[in-house]
Amino acid sequence: MKALAVMLLLVLVLLASGGGRALVASPSGAMAAETVSAAEAAVGHPGAPKLTPPDYPRYGGLNSRVVVWVAAQLHLFFAAFVLGVPIFVLAIEFIGWRNRDPRYDRMAHEFIKISMGAFSLTATSGGILVFALVALYPGLFAYLTGIFGPVMLLYALLFLAETACLYAYYYGWDAMQGRRKPGHILLGLGLNLVGTALMVLSNSWATFMMAPSGVDARGVFAGDVWAAVAGPLWTPLNVHRFLANIAYGGAIVGAYAAYRFIAARTPGEKAHYDWMGHTANGVAIVALLPLPFAGYWMTKEIYDYSQQMGITLMGGVFAWLFIIQAVLIGTIFLAANFYLWCGMARLDGTSRTAYLVKYIAGVLVICFLVWFTPHTLVMTARETAALGGAYHPVLGPLGLMSAKNTAVNVMILATFLTYQLFRRSMVRSTQSWMARATRLQVAFYIAAVANIVWLGVYGYFVPANVRIGLSVPQVATTLLVIVVCVVVDEAIASRSERVHMIHWGRMPTRAQYALFTLAVAFTWLMGLMGYIRSSIRQHWHVYTVMRDGSADAFTPTIGHATSIVSASTLVFLLLILFVFWLSGLGRGQAVASGPVAAPATP
Amino acid sequence: MKVPRAIRPILVVALAYAIVEAGIPAIGALLKPGTWPVVPAHLARIYLFFIANVVLLYTAADEVLWGRVRGELRYFFGADEVRVVRTLVIAAISLAGGYVAYDAVRPRLETPPELRAIHPAPPASFSIGGKAYDLSTLNNPLRADKSKFADHVKAGAELYFKNCFFCHGDKLDGKGHYADAFHPRPANFRDVGTIAQLRESYLFWRIATGGPGLPREGWPWMSSMPIWHRFLSETEIWQVILFLYDFTGQAPRVRDS
């Protein structure tokens with residue numbers, strides 16, 4: 001099955017890079033009448049073909065755009081998941097190996113098992129995507145292969161390497177224990193390197209379509225593949241996707257753990273899957289925290305690349321989708337926090353810090369509301385009249401970037417604080433310096449929030465380009481707090497007695513639904529943002545270089561777009577449920593001796 | 001009297017409702033006297049939805065608290081001695097639900113909300129009288145010579161008060177004499193949300209081509225902004241742009257190198 005899909009991919013790519021010229025024949029024939037530019041003659045690369053509707057084969061009543069859209073979306077969901085999981089699996093395996101704790105090893109193995117199940121679907125959906133592109137958008141595909149042929153070939157080869165690594169890594173797990181463990185970890189490292197290389201390569205053509213580089217204004221390729229790959233948006237997208245994939249992988253395996261937790265019958269199983277869910281949630285959150293900043297960076301690069309594209313993104317019709325985005329991100333933060341709050345139930349007695357939760361909840365609410373408040377308010381005529389204009393004196397300022405940055409930083413700190421409280425609840429300070437250190441931490445938090453808010457307010461009094469720069473010290477403040485607190489906590493935890501055991505498994509079922517929510521919200525969000533990213537090209541296949549000449553060269557309505565995104569999300573979730581079910585089938589080695597009451601090792 | 005646990009979340013949400021519906025407009029009225037800046041219904045709904053959710057989640061996160069709330073609810077919906085109150089509460093909820101449904105579907109004369117983008121995407125390039133301008137590279141040429149800066153700003157000020165102030169106001173705050181007659185209203189240049197976050201090339205395009213030059217996608221724009229390239233020269237447009245930024249103390253957005 002997998003091998004088949006890979007073969008198909010390889011054959012298609014070879015066919016396209018070799019036969020690209022032949023496929024592109026009809027449109028370039030039409031262009032022959034035009035004068036051939038000097039560059040064109042010199043390098044022997046034709047410019048971007050000018051396509052017309054007849055250049056797009058149609059099959060029955062199929063809407064080509066929707067077909068490619070859904071295929072690409074499904075492939076991306078699976079690919080993101082399959083590439084994200086091995087990253088933290090390796091980390092968990094490594095921790096287990098260093099601490100000689102077989103429970104980590106078992107958990108890592110189980111995580112990778114889920115991603116194994118999804119791997120064949122990744123390959124299949126990738127094959128379908130390439131097939132759909134070749135069949136429905138031959139002109140575009142040929143143009144892209146004309147430039148990226150070598151990259152695509154490398155991609156196909158790396159895909160084979162990825163398959164080999166993943167199989168060896170997964171099936172060699174039990175065989176490569178003990179002395180052979182370092183070898184296995186190296187294998188995992190190789191798997192991740194190949195996986196990341198795959199992602200980075202496929203990003204290159206996606207960003208080329210948004211911000212073409214290495215070609216001239218008419219799309220004539222100068223022959224330097226690296227110039228085409230390393231476009232202005234390539235690095236930001238690489239960073240963004242790398243982080244997002246980890247978060248996404250965490251969210252999906254979290255849903256798996258929740259599913260198993262609910263289905264579990266013995267306390268041992270419950271404990272195991274509770275711990276797994278907790279870990280997955282932690283992975284998702286840790287990777288989520290830097291994501292908003294990666295997003296801002298990418299937005300800034302888009303704006304810098306093209307003012308038109310930047311404004312289309314933030315100011316035009318897509319601005320309404322960003323409201324949905326804000327709601328989904330709010331949902332993610334909330335679900336993750338709710339799960340952490342519920343986690344306090346695992347501790348003996350009531351935690352001394354539990355009373356803080358309601359203030360954290362309050363801070364989260366305020367931050368969300370600021371975060372949601374859109375730049376352009378949707379108002380009825382009567383509301384506009386009551387306001388005396390389109391500008392709202394209270395909410396208007398909240399719509400700007402300074403307010404959003406401030407809100408998101410404080411939101412991240414609040415989420416981190418919840419996590420920290422849970423960890424700190426398990427230890428009692430035994431020495432006086434610990435109390436002092438804790439007071440210092442509190443002071444640090446207060447100073448950090450004051451600094452972030454002050455920078456946010458200050459942002460209103462400086463020019464836009466300086467204001468954007470202010471987000472850097474804000475983020476730095478947040479990260480500094482997190483790092484310092486982790487270090488201090490580590491120092492305290494290692495030198496004090498544990499007063500609480502963690503009772504893994506003592507978790508209400510309703511908390512598991514938070515994990516499901518996380519997975520659904522992440523999937524939806526990815527689909528939505530992916531749509532926006534690729535739609536800001538508007539009527540271009542390759543922005544400013546190759547026009548979309550098909551009948552679909554228009555921006556769909558918000559309703560249509562969100563329906564397609566939602567349908568893809570639903571299909572993916574059903575498929576992943578199927579994968580979960582499959583992973584559960586061969587589960588012979590039941591987790592009998594799970595950690596019912598384990599020392600604190602979150 | 002101790003407020004029952006199950007009531008407290010409801011009270012918190014009610015308080016939030018009061019703040020959103022009355023508190024924010026009241027603060028707004030202080031900031032902008034003579035208006036009552038309501039939170040737009042679309043936004044208020046999202047606000048309250050999330051507040052209610054957080055309150056609910058907070059209540060459900062703690063095992064003890066949740067147990068107590070459930071106990072109270074069980075008592076309320078089961079015990080005989082509160083039968084009358086229960087019936088009244090259920091009736092009130094049903095009636096309120098009915099009213100909300102009625103209110104949502106009843107015919108009204110109000111125009112539906114407008115999905116209007118304040119700053120539509122500019123074209124990549126445009127041309128006036130045969131001269132093409134590439135917006136991605138266009139810069140204000142008058143900024144190069146620092147020695148003439150003051151003269152240009154002065155010239156821009158004169159142009160502004162001869163042409164623009166009727167609409168955009170003598171304080172550049174969008175409150176010119178004609179402002180109330182237009183929908184959309186003339187832009188308020190002092191607001192951080194307008195020229196402060198745009199590049200000068202964007203302003204050049206907007207001023208030169210005016211309302212009719214706005215992209216086809218968002219039609220109808222109904223913008224009364226005139227097509228200024230018919231009345232002003234290219235240099236004059238750049239001068240008035242210098243004046244807009246200089247007078248308001250804003251700086252245009254620039255491309256990072």
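A residue is called buried when its relative accessible area is under 20%, exposed when over 50%, and partly exposed in between (1.4 Å probe, protein chains only). This is a predicted model, in which local features need pLDDT of at least 70 and side-chain atom pairs count only at pLDDT 80 or more, whereas totals for chains, interfaces and linings use all residues. Residues are numbered from 1 along each chain as its sequence is written, chains are lettered from A and ligands numbered from 1 in the order in which they are written, and side-chain values use heavy atoms, with hydrogens and water left out.

**Exercise 1.** Determine which residues of helix α12 of chain A are buried, and what they pack against.

*Solution.* 
Step 1. Helices (H or I, at least four residues) and strands (E, at least two) are DSSP runs, numbered from the N terminus. Helix α12(A) spans residues 307–314.
Step 2. Of its 8 residues, 7 are buried: A:Gln307, A:Gln308, A:Met309, A:Gly310, A:Ile311, A:Thr312 and A:Leu313.
Step 3. Contact means heavy atoms within 4.5 Å. The buried residues of α12(A) pack against α7 (181–210), α11 (291–305), α13 (319–343) and α19 (509–535) of chain A, and also against α7 (200–209) of chain B.

**Exercise 2.** Describe the interface of chain B and chain A by its contacts, its buried area and its salt bridges.

*Solution.* 
Step 1. On the side of chain B, 57 residues are in contact with 55 residues of chain A.
Step 2. Buried area is the accessible area (1.4 Å probe) that two parts lose on being put together, summed over both. For these chains the value is about 5100 Å², with 67% of it on carbon and sulfur atoms.
Step 3. A salt bridge requires a side-chain nitrogen of Lys or Arg within 4 Å of a carboxyl oxygen of Asp or Glu. The count between the chains is 2; B:Arg199 and A:Asp304 form a salt bridge at 3.6 Å, N to O.
Step 4. Two or more residues on the side of chain B that touches chain A come from each of α1 (7–31), α2 (41–61), α3 (63–78) and α7 of chain B. The most come from α2(B), with 12 residues.

**Exercise 3.** Work out how strands β1 and β2 of chain B are arranged.

*Solution.* 
Step 1. Two strands pair if DSSP finds at least two bridges between them. Here β1(B) and β2(B) (residues 131–134) pair in the antiparallel sense over 4 bridges, and B:Ser127 stands opposite B:Ala132.
Step 2. The two strands form a hairpin with 2 residues between them, and B:Gly129 in the turn has a positive phi of about 50°.
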